[in-house]
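User: I would like to learn how to read the features of a model like this one. Please give the general idea each time, then the case at hand.

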Amino acid sequence: MNWKTRVTELLGSKYPIIQGAFGGFGTSAIAAPVSAAGGFGIITASALRTPEGLREDIRKARSMTDKPFGVNLSVGLCPSIDEMREVAIEERVPVIFTAAYRADDHGRRIHEAGLKWVHKVVTVKHALAAEQQGADAVVIVGMEGTAFKNINQIPTLVGITTAVRTMKIPVIAAGGIGDAHGFLAALAMGAEGVYMGTRFLATRECPVSERYKQKLVQAQPWDPEFRDRCLAPPKAEEYQKVMGERGSISQELWLQRLEQVLLNQAPRGKEIDWERDFDEDMALRIAGGSLAVGVIDRVMSVKELIETIIRDAEEILSRKGNLGRLLK
Ligand SMILES: Cc1cc2nc3c(=O)[nH]c(=O)nc-3n(C[C@H](O)[C@H](O)[C@H](O)COP(=O)(O)O)c2cc1C
């Protein structure tokens, strides 16, 4: 079966399956095998901490696969973000993903350099803004997904189906997707690719502990740790208050306050230094796993995961599967 969409054409991948960014540990160790298996892997610049570290890791990924991969620049989290961007440009990484906050200045520079720009957002409103700012595609993360949250975030199904009604650029679906059913559902909603974070955590190549991978296998989406991280919306009043503080306190402190409000956490005693403190432990504590845990039943290699999703999707669409029977 041919899985070509505008997203595979943009990324140069065989399948429209993208591996999410992971602050703290999203290096070539996971990105290269994903690209080699026909998906699209992403190196998270902040995981390498320095521009030179990023350059080395891009070169390492190139020694591991001849397939294209991307780099993620998370605005507000990535240290030396402008220098990181320039390294990705100099190394001719074909598609640069930005995330978190407004990134049109990065987008302009990426385009000037002749490369592609994909922006990741968590609200439809921000997806429309990214389209206006010239993004080549957007990733929209629905409420089922982990990491950045926003008071206006809505579930994946409603967000994607709403966005594709008006957007002209390709939309990539994220949030709670982890198997062939979610993959096909996203395509049926009008997305032209899927972007999975949590499901890729439970792969052999992902550089997180075996203990954490087993926890994801055993977890259920309704376990409070996962449910509350994804579905407990921030309190509107506190959200408004922290948004009003933007610009009046340091960006680092403001991001920490915002994150506490978004994740409904109690205020922390000390300020975090993202460059120094944002390691694997902190990444897992803040974002470690979404409602996609419901479809993680074992740890497998990245190749096996991608092949399983594609094989199961083809089976669902075949005469033997439910949809296939309807299509007969
Ligand atoms: C441990 C962890 C760390 C993450 N760190 C980042 C990050 O630094 N930057 C970013 O853009 N997204 C980050 N994400 C979000 C993922 O890239 C992706 O958007 C999200 O996992 C999608 O939802 P899903 O987990 O339901 O697939 C992180 C996700 C996890 C699980």
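This is a predicted model: local features need pLDDT of at least 70, side-chain atom pairs count only at pLDDT 80 or more; totals for chains, interfaces and linings use all residues.

User: How do I read the overall form of the chain, and what radius of gyration does it have?

Analyst: A compact globule of 328 residues would have a radius of gyration near 20 Å, and the chain has 19 Å, which agrees. Along the principal axes, the C-alpha atoms fill a box of roughly 60 × 45 × 45 Å. The chain contains 18 helices and 8 strands.

User: What share of the residues is buried, and what share of the contacts joins residues at least 24 apart?

Analyst: Buried residues account for 46% of the 328 in the chain. Of the contacts between residues at least 6 apart in sequence, 62% join residues at least 24 apart.

User: How should I read a nonpolar core, and which residues have the most contacts inside the largest one?

Analyst: In soluble globular proteins, nonpolar side chains tend to be buried together. In this chain the largest nonpolar core has 87 residues, and those with the most contacts inside it are Ile 96, Val 138, Ile 140, Ile 172, Ala 173, Ala 174 and Val 194. Helix α17 (residues 302-317) gives the most to this core, with 6 residues. A second, separate core has 5 residues, among them Val 242, Leu 258, Val 261 and Leu 262.

User: Which residues is Val 194 in contact with, leaving aside its neighbours within four places in sequence?

Analyst: The contacts of Val 194 include Pro 16, Ile 17 and Ile 18. Val 194 also contacts Ile 172, Ala 173, Ala 174, Ile 177, Phe 183 and Ala 186.

User: How do I read the sides of a helix, and which residues of α8 are buried?

Analyst: Find the buried residues, then check how they are placed around the axis. In α8 (residues 156-166), Thr 156, Gly 159, Ile 160 and Ala 163 are buried. These residues are on the same side of α8 because they cover an arc of only 90° around the axis. Arg 165 and Thr 166 are exposed on the other side of α8. The cover over the buried residues of α8 includes α7 (124-132), β6 (137-141), β7 (171-174) and α9 (180-189).

User: Which residues of α12 are buried, and which are exposed?

Analyst: In α12 (residues 224-231), the buried residues include Phe 226, Arg 229 and Cys 230. Their arc around the axis is only 85°, so they are on the same side of α12. On the other side of α12, Pro 224 and Asp 228 are exposed.

User: Where is Trp 254, and which residues does it touch?

Analyst: Trp 254 is in helix α14 (residues 251-262). Not counting residues up to four places away in sequence, Trp 254 touches Glu 245, Arg 246 and Ile 249. With 17 other C-beta atoms within 10 Å, Trp 254 is partly exposed. Trp 254 and Gly 294 are 40 residues apart along the chain, and their C-alpha atoms are separated by 33 Å.

User: What is phi of Arg 49, and where is Arg 49 found?

Analyst: Arg 49 has a positive phi near 70° and is found in the loop between α3 (45-48) and α4 (51-64). Arg 92 also has a positive phi, of about 55°, and sits in the loop between α5 and β4 (95-99). Arg 49 counts as partly exposed, with 19 C-beta neighbours inside 10 Å. Arg 92 is exposed, with 10 other C-beta atoms within 10 Å.

Key: Residues are numbered from 1 along each chain as its sequence is written. Helices (H or I, at least four residues) and strands (E, at least two) are DSSP runs, numbered from the N terminus. The radius of gyration is taken over C-alpha atoms; the globule rule is 2.2 Å times the number of residues to the power 0.38. A residue is buried if 20 or more other C-beta atoms lie within 10 Å of its own, exposed if 12 or fewer, and partly exposed in between; C-beta atoms are placed from the backbone. Two residues are in contact if their C-beta atoms, placed from the backbone, lie within 7 Å. A nonpolar core is a set of buried Ala, Val, Leu, Ile, Met, Phe, Trp, Tyr and Cys residues joined through C-beta atoms within 7 Å. The arc is that of the directions from the helix axis to the C-beta atoms.
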